Amino acid sequence: MAEPFEIDAVIANDLLAGTFPGNLGIELLEVADRSVRARLVVDERHLHGGGYVHGGCWVAFADTVAAWGTMRLLGGNAGFTTGELKMNVFTAAVPGDELVGTGEALHVGGRTQVWEVRVHRLRDGVERLAANFTCTQHILS
């Protein structure tokens, strides 16, 4: 396995500026060798017409968490792309809610990585598991 890429939450947040996840307001809190934490404070840009967080926003948030974990473990000049993903959303989120995603590497191989991201919703001081995401990252040489 390659040496971990020296990246942390500060570097990741700087690199997010001006990108799709950065424009969504995703903030990395921790980037470690096999785990990542991030948050997203829900506002109007994250909603569908019914006033709740859009399914694509849930996926973009969780996939971003997994992506930074993948990137840290790549080392060298390899790239990656998400090859497969699955998202289960258990509850809705509205403006003012805070989503916190915690990603964990389930498999780190030479050609693939598999990540799980659990997303918790914080509302009025109450934390609830809101979604679960898994993805396979294909490593590109």
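**Salt bridges in the predicted model**

Glu27 sits in strand β1 (residues 27–31) and Arg39 in strand β2 (residues 35–41), so the pair links distant parts of the chain, 12 residues apart. Strands here are DSSP runs of E, at least two residues, and helices are runs of H or I, at least four, both numbered from the N terminus.

A word on the basis. This is a predicted model, where local features need pLDDT of at least 70, side-chain atom pairs count only at pLDDT 80 or more, and totals for chains, interfaces and linings use all residues. Residues are numbered from 1 along each chain as its sequence is written, and side-chain values use heavy atoms, with hydrogens and water left out.

A salt bridge means a side-chain nitrogen of Lys or Arg within 4 Å of a carboxyl oxygen of Asp or Glu. That rule gives seven salt bridges.

On accessibility, buried is under 20% relative accessible area, exposed is over 50%, and partly exposed lies in between (1.4 Å probe, protein chains only). Glu27 is partly exposed at 32%, and Arg39 is partly exposed at 26%.

Next, Arg72 and Asp33 form a salt bridge, with the closest N and O atoms 2.7 Å apart. Arg72 lies in helix α3 (residues 55–74) and Asp33 in the loop between β1 and β2, so this pair ties together parts 39 residues apart in sequence. Arg72 is buried at 13%, whereas Asp33 is partly exposed at 34%.

Another salt bridge joins Glu116 and Arg118 at 3.9 Å, N to O. Glu116 is buried at 17%; Arg118 is partly exposed at 39%.

Finally, Glu27, Arg39 and Glu98 belong to one network, joined by salt bridges that share partners.
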